[in-house]
Amino acid sequence: MKKIGLLSDTHSYLDDAVFNHFEHCDEVWHAGDFGSVEVLDKLKKFKPFRGVYGNIDGKDIRTECPEHLRFDCEGVDVWMTHIGGYPGRYAPVIKADLIKNPPKLFICGHSHILKVQYDPKLALLHLNPGAAGKQGWHKVRTLMRFDLDLGEIKNLEIIELFNR
């Protein structure tokens, strides 16, 4: 079993509370829009890390993180990308591949809208952790924690940080 800490859209701001909330996580995942390489470096030093670059991220982050990341973690097929859309409205650039070979867990960021939605047509769980940073129109900064265990996604928690 692995406990995962998931965040997105930090936009160069990494709240110290993230480290407290993810203290007992085995891995930290970031779904893009780091905003600065300092955010990426802090997360990589903190825990085993996986991440994708977002539309605001520069070459420094794009050389370290891919646009799409597809991997297996504890028997769960995971696809993480920054701009992915959501069930019924997937991003055009990935829609065909997603339909052809859907993962069990599809993670994206970009919208700054926290979303947990099951797609019955593709039999996948869609997660968007919202935005952990202060930049954007969102009112509440959010994170997620969950467990992956023997092919199952369990114990999903939504974490609200202080308001922007």
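**Largest pocket.** I began with the largest pocket of this predicted model, whose volume comes to about 150 Å³. I counted 13 residues in the lining of the largest pocket, and those nearest its centre are G85, Y86, G109, S111 and N128. I then asked which elements give two or more residues to this lining. They are β6 (85–86) and β10 (124–129). By residue class, I noted four nonpolar, eight polar and one charged residue in the lining of the largest pocket.

**Annotated span.** I looked up the UniProt record, where an unreviewed entry lists residues 3–149 as "domain: Calcineurin-like phosphoesterase".

**Helix α2.** I next listed the buried residues of helix α2, which covers residues 37–46. They are V37, V39, L40 and L43. I asked why these residues are on the same side of α2. The reason is that they cover an arc of only 155° around the axis. I also checked which elements the buried residues of α2 pack against, and noted β1 (2–7), β2 (27–30), β3 (49–51) and α3 (59–62).

**D33.** I located D33 in the loop between β2 and α2. I computed a relative accessibility of 2% for D33, so I classed D33 as buried, the cut-off being under 20%. Its phi is near 65°, a positive value in a residue other than glycine.

**N155.** I turned to a second residue with positive phi, N155, for which the angle is near 55° and which is likewise not a glycine. I placed N155 in strand β12. Is N155 buried or partly exposed? I found N155 partly exposed, with a relative accessible area of 49%.

**L161.** I stayed with strand β12, which runs over residues 152–163 and holds L161. L161 has a relative accessibility of 8% and therefore counts as buried.

**M144.** I found M144 in strand β11, residues 140–149. M144 is buried, and I noted its relative accessible area as 0%. I asked how many residues separate M144 and G5 in sequence, and how far apart they are in space. They are 139 residues apart in sequence, whereas the C-alpha to C-alpha distance is 6.0 Å.

**G58.** I ended with G58, which I placed in the loop between β3 and α3. I recorded a relative accessible area of 31% for G58, which is therefore partly exposed. I then looked up G58 and D119, which are 61 residues apart along the chain, and found their C-alpha atoms separated by 32 Å.

Key:
Residues numbered from 1 in each chain as written. Predicted model: local features only at pLDDT ≥ 70, side-chain atom pairs only at ≥ 80, totals over all residues. Heavy atoms only, no water. Buried < 20%, exposed > 50% of the residue type's maximum accessible area, 1.4 Å probe, protein only. Helix = DSSP H or I, 4+ residues; strand = E, 2+ residues; numbered from the N terminus. Arc of directions from axis to C-beta. Contact = heavy atoms within 4.5 Å. UniProt positions renumbered as here; feature names shortened; annotations may be inferred. 1 Å grid on protein atoms, 1.4 Å probe; cavity = no way out; pocket = protein on both sides within 12 Å on 5 of 7 lines; lining within 4 Å. Points joined across faces, edges and corners; volume = space filled by probe spheres on them. Nonpolar A, V, L, I, M, F, W, Y, C, P; charged D, E, K, R; others polar.
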